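Here's a quick briefing to read with the model open beside you. Have a look at the fold, then work through the notes by topic.

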Amino acid sequence: MSEGLVTRIERYAAYDGPGIRTVVFLKGCPLRCQWCSSPETQHKEQELYYDGELVGRYMNVEEVFSEIKEDITFYNQSGGGVTLSGGEVLLQPRFITDILKRCQEEYIHTAIETSGYGSWDNFEEILEFTDLVLFDLKHLDTGKHLELTGVENTWIIDNLKRAAKLDKEIIIRIPVIPGINDSKDNIVKTANLAEKLGIKEIHLLPYHSLGREKYNKLGRRYLLADLESPSDERMNYLKELVENKGLKVQIGG
Ligand code: SF4
């Protein structure tokens, strides 16, 4: 039975997919997004907060599934299910595939949230057991993407194109970071790409600084310390840009 490193499991979540969900946050991510609100999920090893709290727990598939299955009644009543999130799910492909497979055996709706940064072979295997893909796209410009996240987006876009050819529901999610990726140009280009690939929905996730305190607890510096969340007016403007392309848009995830 495969085992993996989990940051935390949140029950009764009303985000990261439809209905009431259990969200399993994995540990380990190859990106270093400047705005990341979950820095405790980035390193792929266990680590300690300054207060001595351990971050990361090794769990096997049945241990994770036994928490997930507690809420089957809620999933059925609300049209919910399970979402595997990051860190980055593509870093632990065997573990993720086994959890998704286990959930589908019990007819639980499965979603993953991914940056799309990983090998296609791993991604394809995971997709086989995934009902909904929440695919984060941070910036369409390769150079900017590298500057902002530490990696280029070539692999990511390629994986998105390949995934779009499969019969899967995909929602593109853009974290809206003021002055960083919220230009009309970037949002319209992302909407154009979605339209071209037959993807029908985009979620615009307004930046928030709720993760700031975690950087202190990890002894790391938060680069965007002075950045404010985008205004409602700005979010509605961006929403309209995407709607004009005939896509469904939601503010927030
Ligand atoms: S991809 Fe997600 S978890 Fe990874 S650094 Fe970026 S925001 Fe954080």
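Is Gln-34 buried, exposed or partly exposed? At 22% relative accessibility, Gln-34 counts as partly exposed; here buried means under 20% relative accessible area, exposed means over 50%, and partly exposed is in between (1.4 Å probe, protein chains only). Keep in mind that this is a predicted model, where local features need pLDDT of at least 70, side-chain atom pairs count only at pLDDT 80 or more, and totals for chains, interfaces and linings use all residues. Residues are numbered from 1 along each chain as its sequence is written, and side-chain values use heavy atoms, with hydrogens and water left out.

**Around Gln-34**

- Gln-34 sits in the loop between strand 2 (21-26) and strand 3 (47-48); helices (H or I, at least four residues) and strands (E, at least two) are DSSP runs, numbered from the N terminus.
- Not counting residues up to four places away in sequence, Gln-34 touches Glu-147, Leu-148, Ile-180, Tyr-215, Tyr-222, Leu-223 and Leu-224, where contact means heavy atoms within 4.5 Å.
- Gln-34 and Ile-180 are 146 residues apart in sequence, yet 9.9 Å apart in space, C-alpha to C-alpha.

**The nonpolar cores**

- In soluble globular proteins, nonpolar side chains tend to be buried together.
- The largest nonpolar core here has 52 residues; such a core is a set of buried Ala, Val, Leu, Ile, Met, Phe, Trp, Tyr and Cys residues joined through side-chain atoms within 4.5 Å.
- Helix 7 (residues 184-197) gives the most to this core, with 6 residues.
- Apart from it lies another core, of 13 residues, and among them are Cys-29, Trp-35, Val-151 and Ile-177.
- Which residues have the most contacts inside the largest core? They are Val-24, Val-64, Ile-68, Leu-84, Phe-123, Leu-160 and Ile-202.
- Leaving out residues up to four places away in sequence, the partners of Val-24 include Val-6, Ile-9, Val-64, Ile-68 and Leu-84.
- Ile-112, in strand 7 (residues 109-114), is buried at 0% relative accessibility.
- Beyond four places in sequence, Ile-112 touches residues including Leu-84, Leu-100, Phe-123, Ile-126 and Leu-134.
- Ile-112 and Val-23 are 89 residues apart in sequence and 9.3 Å apart in space, C-alpha to C-alpha.

**How the helices pack**

- Two packed helices are described by the angle between their axes and the distance between the axes.
- The axes of helix 1 (residues 61-68) and helix 3 (residues 93-105) come within 10 Å and cross at roughly 40°; axes are lines fitted to C-alpha atoms, for helices over the stretch in contact, and angles run from 0 to 180 degrees between N-to-C directions.
- That makes helix 1 oblique to helix 3, since angles under 35 degrees count as roughly parallel, over 145 as roughly antiparallel, 65 to 115 as roughly perpendicular and the rest as oblique.
- The contact uses Val-61, Glu-62, Val-64, Phe-65 and Ile-68 of helix 1, and Phe-95, Asp-98, Ile-99, Arg-102 and Cys-103 of helix 3.
- For helix 4 (residues 120-127) and helix 6 (residues 154-164), the axes come within 11 Å and cross at roughly 35°.
- There, Trp-120, Phe-123 and Leu-127 in helix 4 meet Trp-155, Asn-159, Arg-162 and Ala-163 in helix 6.

**Buried polar side chains**

- Glu-201, in strand 10 (residues 201-206), is buried, with a relative accessible area of 13%.
- The side chains of Glu-201 and His-203 make a polar contact of 2.9 Å; that term means a pair of N or O atoms within 3.5 Å, where within protein one must be able to donate a hydrogen and the other to accept it, and residues adjacent in sequence count only if both atoms are side-chain atoms.
- Thr-7, in strand 1 (residues 3-13), is also buried, at 14% relative accessibility.
- A polar atom of the Thr-7 side chain lies 2.9 Å from the backbone oxygen of Leu-26.

- Most residues other than glycine have a negative phi, and most peptide bonds are trans.
- A cis peptide bond joins Gly-86 and Gly-87, with omega about -15°.
- Tyr-12 has a positive phi of about 60° although it is not a glycine, and Tyr-12 counts as partly exposed at 48% relative accessibility.
- Tyr-107, in the loop between helix 3 and strand 7, has a positive phi near 60° and is exposed at 75% relative accessibility.
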